[in-house]
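Work through the exercises below with the sequence and the coordinates open. Try each task before reading its solution.

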Amino acid sequence: GDELIKKNISGQMSALIDSARSISHSLYPVNLESVGLVLYIEELIANLSQRINISLSVSPKYQKKSIFIEVQLYRIIQEFTTNVLKHSEATRIWIYIKDNAENMGIVISDNGQGFDYEVVKKGMGIKNIESRIKSMNALHKWKNIAGHGSRLIIKIPNTHESPNQNSIN
């Protein structure tokens, strides 16, 4: 009897460790620093490719950002795609990353049913995205057309001296 119980417990333990590992992997992108943002997004796209068609276009001028910025951007893209998969019935997501001397621009859009910002802005998904944008001193704008998908535009200054908390509405 004892052996069976031990076996059972150790089985449960290893299952627990596995699930903890996958949770922590999702909390902090483990190799992001060495791999870089673009490859990380590509991995996310590969993981979701069974469920939705995502295209990524990155300006050839893209310069690696600080790990803080890259983690925030990755999380925002992850949150956006999760929301789209959960709520929007979209079949496509587009991600554009542009980079120049003054700032970096990110545009994420989908072809789902769109949403009413006033209704969903208090939801966790939008809150998470917006607090991450704020933490980067970035500007952002939502463009939602009901029935035509949603679009998020983010502009991140490449200089990090002056905190600028204005958001473009």
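**Exercise 1: Surroundings of Pro157**

Pro157 touches Glu102, Asn103, Met136, Asn137 and Ala138, leaving aside residues up to four places away in sequence. Contact here means heavy atoms within 4.5 Å. This is a predicted model, where local features need pLDDT of at least 70, side-chain atom pairs count only at pLDDT 80 or more, and totals for chains, interfaces and linings use all residues. Residues are numbered from 1 along each chain as its sequence is written, and side-chain values use heavy atoms, without hydrogens and water.

Solution. 
- Step 1. Helices (H or I, at least four residues) and strands (E, at least two) are DSSP runs, numbered from the N terminus.
- Step 2. Buried means under 20%, exposed over 50%, and partly exposed in between (1.4 Å probe, protein chains only).
- Step 3. Gly105 is 52 residues from Pro157 in sequence, yet their C-alpha atoms are 8.8 Å apart.

**Exercise 2: His140**

Task: is His140 buried or exposed, and which side chain does its own side chain meet in a polar contact?

Solution. 
- Step 1. His140 sits in strand β4 (residues 139–144).
- Step 2. His140 counts as buried because its relative accessibility is 10%.
- Step 3. Its side chain makes a polar contact with the side chain of Glu130, at 3.3 Å. Such a contact is a pair of N or O atoms within 3.5 Å; within protein, one must be able to donate a hydrogen and the other to accept it, and residues adjacent in sequence count only if both atoms are side-chain atoms.

**Exercise 3: Strand β2**

Task: find the partners of β2 and sort its two faces.

Solution. 
- Step 1. Strand β1 (residues 53–58) runs parallel to β2, joined by 6 bridges. Two strands pair if DSSP finds at least two bridges between them. Leu56 has Ile95 of β2 as its bridge partner.
- Step 2. β2 and strand β3 (residues 103–110) are antiparallel, with 7 bridges. A hairpin of 3 residues links β2 to β3.
- Step 3. In β2 (residues 92–99), the covered face holds Ile93, Ile95, Ile97 and Asp99. Arg92, Trp94, Tyr96 and Lys98 form the uncovered face.

**Exercise 4: Confidence**

Task: what is the mean pLDDT of the protein chain, and where does pLDDT stay under 50?

Solution. 
- Step 1. pLDDT is the predictor's confidence in each residue, from 0 to 100. The chain mean is 85, and 89% of residues reach 70 or more.
- Step 2. Residues 161–169 stay under 50. The model has 13 contacts for them beyond four places in sequence.
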